[in-house]
Amino acid sequence: MNEYKVVVRNDSDIIFSEVIKAYDEREALGELLIKSELFGQSFTDIRITEI
C-alpha cells in the first residue's frame with residue numbers, strides 16, 4: 001500500500017486535504033469519495049500525489 005496526499009480545491013480555496021493509504025491513484029480517489037461529502041459540493045480541482 002502507498003500513501004497519497006489528496007487535495008480538493010474550489011478555485012483557490014482548499015475544501016478537503018488528507019493523506020489516504022491505497023494501492024493506486026484510482027483507489028485513493030474512490031476512498032476520497034467514500035470518506036468525504038464532496039457529492040454535494042462544487043470543486044474545480046482534485047490533486048492526488050504519492051508521498
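This report describes the strands, their pairing and the helix packing of a predicted model.

## Sheet architecture

The model contains an open sheet of three strands, arranged in the order β2-β1-β3 with antiparallel pairing. Strands β2 and β3 form the edges, as each of them pairs on one side only. On average, and with direction ignored, neighbouring strands of this sheet are turned by 15 degrees against each other.

## The β1-β2 hairpin

Strand β1 covers residues 2–10 and strand β2 covers residues 13–22; nine bridges pair them in the antiparallel sense. Together, β1 and β2 form a hairpin with two residues between them. Within the turn, D11 has a positive phi of about 60 degrees.

N10 stands opposite D13 in β2, and R9 stands opposite I14 in β2.

## The β1-β3 pairing

Strand β3, formed by residues 45–50, is joined to β1 by six bridges, and the two strands run antiparallel.

Which strands does helix α1 lie across? Helix α1, comprising residues 25–35, lies across β1, β2 and β3. Relative to β2, the helix runs at about 125 degrees.

Key: Residues numbered from 1 in each chain as written. Predicted model: local features only at pLDDT ≥ 70, side-chain atom pairs only at ≥ 80, totals over all residues. Heavy atoms only, no water. Pairing = 2+ DSSP bridges. Helix = DSSP H or I, 4+ residues; strand = E, 2+ residues; numbered from the N terminus. Axes fitted to C-alpha atoms, helices over the stretch in contact; angles between N-to-C directions. Contact = heavy atoms within 4.5 Å.
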